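Subject: Structure for you to look at

Hello,

Here is the structure I said I would pass on. Please open it next to this message; my notes follow below it.

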Amino acid sequence: MAQTGADHKANTPFLSRPDVRRLAPFALISVIALVFIFENRKSVEIRLLIPVVHMPMWGALLIAWGLGMLACAFTLRRRSNRHSRRPDGRTGPR
C-alpha cells in the first residue's frame with residue numbers, strides 16, 4: 001500500500017525532506033554573512049549621494065544584507081505567483 005502525505009512525512013528523516021534541503025544552503029550563507037557583518041566593527045564614512053554618514057561598518061553591512069533579503073523574498077514571491085497562474089485558469093505544471 002502506498003504511503004499518504006502525512007504518513008510519508010512522519011517516516012522521512014528530517015534532513016532528507018525537500019523543504020529542509022532547500023533551506024539548508026540559505027541558512028548556512030546567512031550565518032556566514034552575519035558572522036562577517038558582526039566581525040567588522042570599525043566605524044566608516046559612507047556617502048549617500050549628498051550627505052555623509054558616519055556609522056559602524058556592521059550597521060551598513062546589516063542594512064545591505066537586510067535589503068538583499070527583502071529583494072530576494074519579493075522576487076521569489078513574484079516568480080511563484082507568476083508561474084502558478086495559467087491562461088486557461090488551471091494551476092500547476094504545464
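The protein chain has three helices and two strands. In sequence order they follow the pattern α-α-β-β-α. Please keep in mind that this is a predicted model.

Of the 94 residues in the protein chain, 9% count as buried. The accessible surface of the chain comes to about 8,400 Å², and carbon and sulfur atoms account for 66% of that surface. As for contacts between residues at least 6 apart in sequence, 24% of them join residues at least 24 apart.

Next, the aromatic rings. The count comes to one aromatic pair. It is formed by F38 and W58, with 5.7 Å from centre to centre and 35 degrees between the planes, and it is classed as tilted. The class is tilted because planes under 30 degrees apart would count as stacked and planes over 60 as edge-to-face. F38 lies in helix α2 (residues 18-39) and W58 in helix α3, so the pair ties together parts that are 20 residues apart in sequence. F38 is partly exposed, at a relative accessible area of 40%. W58 is also partly exposed, at 33% relative accessibility.

Last, the surface. Which residues make the nonpolar surface patch of about 320 Å²? They are I63, L67 and L70. L67 sits in helix α3, which covers residues 57-84. Its relative accessible area is 54%, so L67 counts as exposed, the cut-off for that being over 50%.

Regards

Technical notes. Residues are numbered from 1 along each chain as its sequence is written. This is a predicted model: local features need pLDDT of at least 70, side-chain atom pairs count only at pLDDT 80 or more; totals for chains, interfaces and linings use all residues. Side-chain values use heavy atoms; hydrogens and water are left out. Helices (H or I, at least four residues) and strands (E, at least two) are DSSP runs, numbered from the N terminus. Buried means under 20% relative accessible area, exposed over 50%, partly exposed in between (1.4 Å probe, protein chains only). Contact means heavy atoms within 4.5 Å. Accessible areas come from the Shrake-Rupley method with a 1.4 Å probe; for residues, only the protein chains shown count as cover. Patches are made of residues with over 30% relative accessible area and no salt bridge: like charges are joined within 9 Å, nonpolar side chains (Val, Leu, Ile, Met, Phe, Trp, Tyr) within 5 Å. A salt bridge is a side-chain nitrogen of Lys or Arg within 4 Å of a carboxyl oxygen of Asp or Glu. Rings of Phe, Tyr and Trp (its six-membered ring) pair if their centres lie within 6.5 Å; planes under 30 degrees apart count as stacked, over 60 as edge-to-face and the rest as tilted.
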